[in-house]
Structure formats: structure tokens, C-alpha cells
Amino acid sequence: MEEKMNPLKKTARVAGILYIIMDVFMIFGGMYVDSKIYVPGDAMATVSNILASEWLFRLGFVSNLVGLIFQLLLVHALYELFKSVDRGQARLMVIFVVTGVSVAFLNNLNLYAPILLFSGAGHLSTFNPAQLQTLAMVFLDLYKHGVIVAEIFWGLWLIPLGLLVYKSRFVPKVLRVLLIVGCFGHLLSFFSTFLFPDYSAILIPISETVMSGELPIFLWLLIKGVKDQKPA
């Protein structure tokens, strides 16, 4: 009965559920499958893993795309939740997410390239196996760098979301700080990769830890929902 009486709380719970579902798909495709397939600096081993576990590799590819679709559904739910707080910031949040999803969708073609290279197509017969392995590794490395490019938008969308949390009266304002911290985690990952690669071994683990700052708000939305009062 409470959910029917409080549409905002229902929308908040939906956002929390969508975030968890998105994370499941993204973690499976981006972390689990990657750990089983990709061998840094070893093209032969990586390609061997792909060919030996082609179904798993394809499943990881599709899982990434499904996770991105759920991110679009998530930002739509957040827009519905916060549009009465500040419609302009809510729109900016949507713009950053849609842009990031677009970049990530196109980047996933690089991930799929090894399947095409070893598909047996006749026009690839001019390449020997070693050359195909090298090309496959190049595309996988491009994919990984493309993910870091998309991190710009995964970070930036947390800023308008943080401002919306700050302005609202139905989500604890302390979560705003964690969102901004999470934003800088994503941006640190980008800058350490492209500007300070010599220090990436130190900076990237820090950025991965800081990125977790976005998690508490979605757990709050899922478990607690939002307060009963209307936004300011």
C-alpha cells in the first residue's frame, strides 16, 4: 500500500533494482569473462582462450550490451525521480549517460573483432595466423582504451546526480559527497591512462577504489527508497 501511496519511493526502488541488474551484466561481461579470456601482452594465449571458449566470449559481449541498455533504463528512472528537483540538472545527467552508452556501444565492436578475424572469411586468408593473433590483440587493446574513454561520461554524470541529491529533501545529502568522489575516481582512471601512463600502476587501483562511491546511493534507493516529503 505504501508503494501505491508514494510514487517517488516506487521509482527509487526501481532505480535501485535497475542499478543492481546493470551491475550484474557489466561485471559478468567486463570482469568475469575478461579474466577468463584476456592475457595481457600474450596474443597467442588470448586468442587460444577466445577460440576455446567462444561461447563464453560471445556471452560476455552480449552481456556488456545488455548492461548498457539497463543503464539507459536506470537514468530514465532517475530522471523521473529528480526532475521535479531541477529539470535542467536531470537533463544534463541523461545527456552524459546517453553519450557514454553510445561511446561504449560502438567500442564493443572492437571487442567482437577477434571473432570476425577468426571466422574463416576468405578475404582474411592473406593473413597468417600470427598476424591475425596480433590484430586480435590490437582490437582488444583498443577496446580496453575505449572503455577508459567512456569513463569520462561515467564520471561526469555523477556530478549532476550529486547536485540533484544535494537539492532534494528525500535522499541523505551525505550521499552527494560519495557521488562526487566516485566521479573523480572515473576521471582519475582516464587521466592516469592517457596522460600519466607511467603512474597508472599506482593511480588506477586508487581510482577503482574511489569509483565505489556511487554504490551507496543506489543501495539506499533499493533498500530505503526515499523520504515521504516532496522535493524542494
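This is a predicted model: local features need pLDDT of at least 70, side-chain atom pairs count only at pLDDT 80 or more; totals for chains, interfaces and linings use all residues.
Me: Why is α6 called roughly parallel to α7?

Reply: Look at the axes (lines fitted to C-alpha atoms, for helices over the stretch in contact, with angles from 0 to 180 degrees between N-to-C directions). Those of α6 and α7 come within 5 Å and cross at roughly 10°. Under 35 degrees counts as roughly parallel, over 145 as roughly antiparallel, 65 to 115 as roughly perpendicular, and the rest as oblique. So α6 is roughly parallel to α7.

Me: How many nonpolar, polar and charged residues does the contact of α6 with α7 have?

Reply: There are 5 nonpolar, 1 polar and no charged residues. For the classes, Ala, Val, Leu, Ile, Met, Phe, Trp, Tyr, Cys and Pro are nonpolar, Asp, Glu, Lys and Arg charged, and the others, Gly among them, polar.

Me: What do the buried residues of α7 pack against?

Reply: They pack against α4 (54-82), α5 (87-117), α6 (129-156), α8 (174-194) and α10 (215-223). In α7 itself, which covers residues 158-167, the buried ones are Leu158, Pro160, Leu161, Gly162, Leu164 and Val165.

Me: And how do you know whether α3 and α6 are parallel or perpendicular?

Reply: Check the angle again. Helix α3 (residues 43-52) packs on α6 at about 85°, and their axes are 9 Å apart. That angle therefore makes α3 and α6 roughly perpendicular to each other. On the α3 side, the contact is made by Ala43, Met44, Thr46, Val47 and Ile50, while α6 brings Gln133, Thr134, Ala136, Met137 and Leu140. Sorted by class, this contact of α3 with α6 has 7 nonpolar, 3 polar and no charged residues.

Me: Why does glutamine 133 count as buried?

Reply: Buried means under 20% relative accessible area, exposed over 50%, and partly exposed in between (1.4 Å probe, protein chains only). Glutamine 133 has 17% relative accessibility, so it counts as buried. This residue lies in helix α6. Leaving out residues up to four places away in sequence, glutamine 133 touches Ala43, Met44, Val47 and Phe118.

Me: What makes isoleucine 69 partly exposed?

Reply: Its relative accessible area is 42%, so isoleucine 69 is partly exposed. You'll find isoleucine 69 in helix α4.

Me: Is alanine 12 buried or exposed, and how do you know?

Reply: Alanine 12 has a relative accessible area of 0%, so it is buried. It's part of helix α2. Between alanine 12 and valine 24 there are 12 residues in sequence terms and 19 Å in space, C-alpha to C-alpha.

Me: Why is α8 called oblique to α10?

Reply: The axes of α8 and α10 come within 8 Å and cross at roughly 140°. With that angle, α8 is therefore oblique to α10. Leu175, Leu178 and Leu179 of α8 make this contact with Pro216, Ile217 and Trp220 of α10. The contact of α8 with α10 has 6 nonpolar, no polar and no charged residues.

Me: How many helices and strands does the protein chain have?

Reply: It has 10 helices and 0 strands. Helices (H or I, at least four residues) and strands (E, at least two) are DSSP runs, numbered from the N terminus. From the N terminus on, the order reads α-α-α-α-α-α-α-α-α-α.

Me: What about the protein chain's buried residues, and how many percent is that?

Reply: Of its 232 residues, 42% count as buried. Among contacts in the protein chain with a separation of 6 or more, 79% come from residues 24 or more positions apart. The C-alpha atoms fill a box of roughly 65 × 40 × 25 Å, taken along the principal axes.

Key. Residues are numbered from 1 along each chain as its sequence is written. Side-chain values use heavy atoms; hydrogens and water are left out. Contact means heavy atoms within 4.5 Å.
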